[in-house]
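Opening the notebook on a new model today. I want to look at a sheet and its helices, then at the aromatic rings.

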Amino acid sequence: MSKILGIIGGGQLGMMITEAAKKMPDEISEIIVLDPTENCPAAQVGARQIIGDFKDKEAIIELANKSDIITYEIESGDSDVLKSVEDKAEINPSPETLKIIQDKFLQKSFLLENNIPVPEFIEIKNIEEVKTGLKKFGIPAMLKARRDAYDGRGNFKIDSEDKIQTAYDYFKGQPLLLEKFVPFTMEVSVIASRNTKGQIKTYPLVENIHKENILRETIAPARVSKNISEKAEKIAEKTMSVLKGAGIFGIEMFVTENDEVMINEIAPRVHNSGHHTLQSSETSQFEQHLRAILGMELGSTKLKHNSIMYNILGGDGFTGEYLPLEISESGVFLKMYGKKISKPLRKLGHVNIIGMNNESIHDLLNKLQILMPKTVIKSSN
Ligand code: ATP
Ligand code: MG
């Protein structure tokens, strides 16, 4: 029987989940999103919208009453509220899984207990514990908020002793953890899926390039040795088998000089580093997420084409309406998210460049450099 899908969050991730859901009319008859912004990206592609905050209990109850199955594009939801509506709609990933993942300290403790490699870390309750931690880990070290971090905003790199107080004050009393700084040689990620019946599939390892803590480019597959990609994929599979959540999980990892691989963090949702799958893979991460939460057989995760994903971000020093972008080049797929207003570093869209004729990653990187200057966001004035 066809189901009504509820999504908490109707930004670009909710939008692309909605688009995938629309292609599965036998399984999903209707999509409703909860989002505070009127005519959010998901609503623009055919989802009905409840206008309300992601944490608004009444709005979540309304969504649960109207939906058969609920998922989310953000990890900051209130897991206790979600737990309380489980009798009204099935929620995936489950509130229990969300509760572990959304708290970086619980998440890392959970991974450590299961012998999955993570950077060394300790819980921080006061500034004295920061000082003790720095003695243990050395400087630099990362002070992090346990919850509600995104785009690096929940991190403070302590790179000298006189930054301790500033770093501690920056978080205004939020619960924290301190982490050893990892001098990684590359950031990589695995998009992993597990369906409600326990079937697990992972996508090939990809390489992620961040600037100012924001993902700029994803290169698929990652330019690493077989040893590293196998290690990373094994870590991802093990994580999925102990975590037991259903859906797509974005597992971010560090690769070190000595070819060690460790998890930086897990996102319990479709992930920016999986957008390339829209064109590069047999099954997109969005379709895979729906297959997973609906308990369907998972689709193939084979990479059909080498590819590069490039995020289109709002230009520096400009807030306002912007001109539409156009790229008409074969093998280049532009996806804009329908956000009216550009803000500095706001994610407005992405481009996937696909090696249709088995172009090498090197050729694709060249193509990217030729194309991208044309996609600078212009202001309307
Ligand atoms: P996002 O939402 O963008 O994934 P976030 O706010 O949850 O980010 P993290 O993923 O924890 O933050 O960290 C953001 C970036 O900071 C990482 O991608 C990495 O470049 C750097 N970083 C985080 N932790 C460490 C560490 N222990 N050692 C070195 N670099 C780190
Ligand atoms: Mg991260």
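Below are my entries on the sheet, the helices packed on it and the ring pairs.

Ground rules. I'm working with a predicted model, so I keep to its thresholds: local features need pLDDT of at least 70, side-chain atom pairs count only at pLDDT 80 or more, and totals for chains, interfaces and linings use all residues. Residues are numbered from 1 along each chain as its sequence is written, chains are lettered from A and ligands numbered from 1 in the order in which they are written, and side-chain values use heavy atoms, with hydrogens and water left out.

Entry 1, the sheet. I looked up the strand order and got S3-S2-S1-S4-S5, an open sheet of 5 strands with parallel pairing. Strands here are DSSP E runs of at least two residues, and helices are H or I runs of at least four, both numbered from the N terminus. Two strands pair if DSSP finds at least two bridges between them. Which strands stand at the edges? They are S3 (48-51) and S5 (90-91); each has a single partner strand, so one side of each is left without a neighbour in the sheet.

Entry 2, S1 against S4. Strand S1 (residues 3-8) runs parallel to strand S4 (residues 69-72), and 4 bridges join them. I found Leu5 opposite Ile69 in S4.

For angles, I use lines fitted to C-alpha atoms, for helices over the stretch in contact, and take 0 to 180 degrees between N-to-C directions. Helix H11 (residues 285-294) also packs on the sheet, touching S1, S2, S4 and S5, at about 140° to the direction of S4.

Entry 4, rings. I count 4 aromatic pairs, taking Phe, Tyr and Trp (its six-membered ring) with centres within 6.5 Å; planes under 30 degrees apart are stacked, over 60 edge-to-face, the rest tilted. Phe105 and Phe121 are edge-to-face, 5.8 Å centre to centre with 75° between the planes. Phe105 sits in helix H6 (residues 104-113) and Phe121 in strand S6 (residues 121-124), 16 residues apart.

Is Phe105 buried or exposed? Phe105 is buried at 16% relative accessibility (buried is under 20%, exposed over 50%, partly exposed in between; 1.4 Å probe, protein chains only). Phe121 is buried too, at 13%.

Technical notes: Contact means heavy atoms within 4.5 Å.
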